Amino acid sequence: MQATAEILTQHGIRPSVQRTTVLRYLRSVKTHPTVDEIYQALLPGNPSLSRTTVYNTLELLSEHNLVLTLDFGEGYLRYDADCSPHCHFICDGCGRVFDIMEAPPDCAGMLPRGFALKAVQLKLVGTCAACSKAE
C-alpha cells in the first residue's frame, strides 16, 4: 500500500500530521464514518486534534478527490476513501453502510442535450443480512 504522505504530496496537499492521520484512518475502515466518528476514533492518540481540523481535512481531501463525501439524507455527511466507482447499501435496521462493488449505471446517455455529468452516487436501501436474520 502506498504511503499516505506520498499520496497527499502526489495530489498537491502538504502532508501534515493531522492530514496523514485522517487519511490513513479512512483508508483503514470500511464503515463510512462521520466527522464525529473520525474525531472520536482519532482523539485518544491525538489529544490536540479538533473536530474543526477533522472537518477541514475532509473537505480538503474531498476537493482533491482522495475521499468521497456521501450525503444519504441523514442530516450529516459520511466519508469513504474508496473513490472507485461503486454503490452503497444502507440498512434501514441497523443504519450500517455497505459497499456494493458494482459500478453505478452509466447515466450520461439519459441526460438532456447540453448537460454534463460529473458524478453518480447510487444509494440502495433495505435490510442487511444480520438484521434480516434477527427479524
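Cysteine 87 sits opposite isoleucine 100 of β4, and that's a handy place to start looking at this predicted model. Cysteine 87 opens strand β3, which covers residues 87-91 and runs antiparallel to strand β4, residues 97-100, over 4 bridges. Strands here are DSSP runs of E with at least two residues, helices are runs of H or I with at least four residues, and both are numbered from the N terminus. Two strands count as paired if DSSP finds at least two bridges between them.

A quick word on ground rules. Numbering starts from 1 along each chain as its sequence is written, and side-chain values use heavy atoms, without hydrogens or water. Local features need pLDDT of at least 70 and side-chain atom pairs count only at pLDDT 80 or more, while totals for chains, interfaces and linings use all residues.

Back to the strands. β3 and β4 make a hairpin with 5 residues between them, and in that turn glycine 95 has a positive phi of about 85 degrees. On to β5, which pairs with β3 in the parallel sense, again over 4 bridges; here cysteine 91 faces glycine 126 in β5. Put together, the 3 strands give an open sheet in the order β4-β3-β5, with mixed pairing. β4 and β5 (123-126) are the edge strands, each pairing on one side only. From one strand to the next, the twist averages 25 degrees (axes are lines fitted to C-alpha atoms, for helices over the stretch in contact, with angles from 0 to 180 degrees between N-to-C directions).

Zoom out and the protein chain has 5 helices and 5 strands, in the sequence pattern α-α-α-α-β-β-β-β-β-α.

The structure holds 2 salt bridges (a side-chain nitrogen of Lys or Arg within 4 Å of a carboxyl oxygen of Asp or Glu).

Finally, domain 1 (4-80) and domain 2 (87-134) both give residues to the lining of the largest pocket, so the pocket lies between them; the domain bounds come from an automatic or database assignment.
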